[in-house]
Amino acid sequence: MESRQLFSRFCPNSSSPSVPIRKQSFTVKFPPSPPSFLFSSYPAFHPQNLHLHSGVSHPIIISQSRIIKSCSKITNAQPKELELECEAKGEITTRRKNLAVFVSGGGSNFRSIHEASIKGSLHGDILVLVTNKIECGGAEYARNNGIPIISFPKTKDESVGLSPSELVNTLRGFEVDFILLAGFLKLIPVELIRAYQRSILNIHPSLLPAFGGKGYYGMKVHKAVIASGARFSGPTVHFVDEHYDTGRILAQRVVPVLANDTAEDLAARVLIEEHRLYVEVVDAICEERLVWREDGVPLIRSKENPNYFS
């Protein structure tokens, strides 16, 4: 009760509580969620007096001295005993996260995330695919792998498709924790952004804020990068707000732009890093290693060294 009062006092408009980093491990407990009706290439830095906010509403274990992995072998322990034993073994005590992916095309990032989930290298599961092109390559991959498909948005010319409010209710029915945009070319409606605050990610094929915004997608981005004379490019994973490519940047990876590059050459080089980076970031949010700096900048806690952030 005291912790909830403290959080509500300092974060009245946010579901993400602020907790200071301490040298010893501790656990922040939250009430259960109400039932629903249905990394970067840059050097990490050492935190100094950071006030961090968790991006989830489930138990969080913050440790300064151990790596946390999946906890799956203990079945007969009490919750506190389970937590302590898992922590001692360097294992994670959080549940697997439920993911929804939005695509408009081939969905190569969707595939890489799904494959990582199947292999067990990602602490989450893709429960549903949302697309505005029901016959696209990403939708075909979903059908072949038994993943439900939702058509969105509803258009005047088509009888299928959900409205924004229907989409929110449907995703809540799937108990989705995070939404991942992977080449989805429609603007996300305000209703969805408000329902999933700090829980919608997008990957963009340039180093934002450069070469982003309406009209910058696919090969258009890479042509603009080469035409500008930029020497570096690379993917950016960022949170989604009500505009194109303006949400808080979470992670980036740099690739060189070579003197004789075509747009296709650069696109292929960036795409390799997109697949790696997006999986790493999704793994971090699923393992609850996402924290928020006091000024609203999201950071990722290193899996190898919990004292470092990127």
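## Leu-201 and its neighbours

Let's start with Leu-201, which is in contact (heavy atoms within 4.5 Å) with Ile-179, Leu-180, Leu-181, Val-237, His-238, Phe-239, Val-240, Leu-250, Tyr-278, Val-281 and Ile-285, leaving aside neighbours within four places in sequence. The model here is predicted: local features need pLDDT of at least 70, side-chain atom pairs count only at pLDDT 80 or more, and totals for chains, interfaces and linings use all residues. Residues are numbered from 1 along each chain as its sequence is written, and side-chain values use heavy atoms, with hydrogens and water left out.

Which residues have the most contacts inside the largest nonpolar core? They are Phe-110, Leu-180, Leu-201 and Tyr-278, in a core of 34 residues. Helix α8 (residues 263-286) gives the largest share of this core, eight residues. Apart from this core lies another, of 19 residues, including Val-130, Val-168, Ile-193 and Tyr-196.

A nonpolar core is a set of buried Ala, Val, Leu, Ile, Met, Phe, Trp, Tyr and Cys residues joined through side-chain atoms within 4.5 Å. Buried means under 20% relative accessible area, exposed over 50%, and partly exposed in between (1.4 Å probe, protein chains only). Helices (H or I, at least four residues) and strands (E, at least two) are DSSP runs, numbered from the N terminus. In soluble globular proteins, nonpolar side chains tend to be buried together.

## Asn-109 in helix α3

Asn-109 sits in helix α3 (residues 108-119). Is Asn-109 buried or exposed? With a relative accessible area of 6%, Asn-109 is buried. Its side chain makes a polar contact with the side chain of Glu-274, at 2.9 Å. For a polar contact, a pair of N or O atoms lies within 3.5 Å; within protein, one must be able to donate a hydrogen and the other to accept it, and residues adjacent in sequence count only if both atoms are side-chain atoms.

Setting aside neighbours within four places in sequence, Asn-109 is in contact with Ala-182, Ile-203, Leu-271, Glu-274, His-275 and Tyr-278.

## Ser-302 after β17

Further along, Ser-302 lies in the segment after β17 (298-300). Ser-302 counts as buried because its relative accessibility is 17%. A polar atom of the Ser-302 side chain lies 3.3 Å from the backbone nitrogen of Glu-304. Not counting residues up to four places away in sequence, Ser-302 touches Arg-289 and Tyr-308.
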